[in-house]
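Biologist: Take me through this model term by term. I want to hear the rule behind each label.

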Amino acid sequence: MHRSSLIKENLNDTVRLLYENAYSGLLVSLFASACIAFSFNKGGLLSYNDKLVWWLIMLLALGIRFLDIRLFLKTNKTATQLDLLKFSTGVIITAIIWCSYALYFHTSFAPLEATSIIIILSALGGGSANVLSAHKLTCFAYAFILLFPYALVLIMSEDYYENVLGFLGIGYGSITLLTLNKASAFTQQAIHLKNQNSDLLERMELRVDARTKEIMHLSNSDSLTQLLNRNAFLNDAKKRIKHYPDPPFALFFIDLDGFKNINDVMGHKVGDNVLRRTAKRISDVCAHNQQKCRWGGDEF
């Protein structure tokens, strides 16, 4: 596996892990958004209608993300950068919708609602360590958008209670980002090692297979002529007789007259060349399904 292939495998595993973990995040967002939209309604009818519109927007975003997740997992395709971009965009849009609730309705919050909001946003940010840790940029953006804008608004407030909540939000958000950094690094390292080990195992299997074939070839062939050796020829003949006992067959022995004189007078180098040329001529006139063998010495 080349480096480019390893990068593609890492990307595929990253995106697939994000999509497979996304259902739990959608359910949490759906439940939490319904709770805050319909649990605090002391602002009057206008506030209630605004919150209902906000919740419907959240519901639409979560519905689109649900369809995207279901489609991706159903097709079982290899993930691309476009799939990662779609997923990350959906996550960031969800975070923006959450943040918009806190910022838009902040002036109408009672202390209990403001506290509830900062707790819910903190919990959502912390939970992203499990759901989004496969991609550092996505989980960082999600947690930052959730917590820091509203925490800064609380810090700039003239109310001491809100200042405390803001500093708590900043503190928890900072800890969350540190946690996300470690979780993301661990997840990415696990993905990389998995694919790296798969690559190593694949290469080892290819080498073992190639070496096995080489050993089989060396053990079954004559090193000089590359024809079958005597043992391989006899084994093949026994198999043919066992599996096809009825059809007739012929067995030819070819011996080179005067070959010893060639070795004695002209040398073994010339003799080896004669054996190789003889083997080639035999191969040229024999069909591919006929076995050719160097029986030994100058016998074929």
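The questions below set values against definitions.

Modeller: First the ground rules. This is a predicted model, where local features need pLDDT of at least 70, side-chain atom pairs count only at pLDDT 80 or more, and totals for chains, interfaces and linings use all residues. Residues are numbered from 1 along each chain as its sequence is written, and side-chain values use heavy atoms, with hydrogens and water left out.

Biologist: What makes up the secondary structure of the protein?

Modeller: There are 10 helices and 0 strands. Helices (H or I, at least four residues) and strands (E, at least two) are DSSP runs, numbered from the N terminus. The pattern along the sequence is α-α-α-α-α-α-α-α-α-α.

Biologist: Why is E113 called buried?

Modeller: Buried means under 20% relative accessible area, exposed over 50%, partly exposed in between (1.4 Å probe, protein chains only). E113 has 5% relative accessibility, so E113 counts as buried. K51 is buried too, because its relative accessible area is 2%. Of the 300 residues in the protein, 38% count as buried.

Biologist: How do you know that E113 and K51 form a salt bridge?

Modeller: The rule asks for a side-chain nitrogen of Lys or Arg within 4 Å of a carboxyl oxygen of Asp or Glu. The closest N and O atoms of E113 and K51 are 3.0 Å apart, and the pair forms a salt bridge. E113 lies in helix α5 and K51 in helix α3, so this bridge ties together parts 62 residues apart in sequence. By this rule the count comes to 4 salt bridges.

Biologist: What makes D68 and K86 a salt bridge?

Modeller: Their closest N and O atoms are 3.5 Å apart. That pair links distant parts of the chain, with D68 in helix α3 and K86 in helix α4, 18 residues apart. D68 counts as buried because its relative accessibility is 18%. K86 has 38%, so K86 counts as partly exposed.

Biologist: Why are K280 and D284 said to be separated by about one helical turn?

Modeller: Because they are 4 residues apart in helix α10 (residues 268-285).

Biologist: What makes a nonpolar core, and which residues have the most contacts inside the largest one?

Modeller: A nonpolar core is a set of buried Ala, Val, Leu, Ile, Met, Phe, Trp, Tyr and Cys residues joined through side-chain atoms within 4.5 Å. The largest has 51 residues, and those with the most contacts inside it are W54, W98, I117, L121, L132 and Y150. Helix α6 gives the most to this core, with 10 residues. Apart from it lies another core of 8 residues, among them L224, L275, I282 and F300.

Biologist: Why is L59 called partly exposed?

Modeller: Because its relative accessibility is 34%. L59 lies in helix α3. With L27, L30 and L56, L59 forms a nonpolar patch on the surface, with about 340 Å² of accessible area together. Patches are made of residues with over 30% relative accessible area and no salt bridge; like charges are joined within 9 Å, nonpolar side chains (Val, Leu, Ile, Met, Phe, Trp, Tyr) within 5 Å. Accessible areas come from the Shrake-Rupley method with a 1.4 Å probe; for residues, only the protein chains shown count as cover. Helices α2 (22-39) and α3 each supply at least two residues of the patch.
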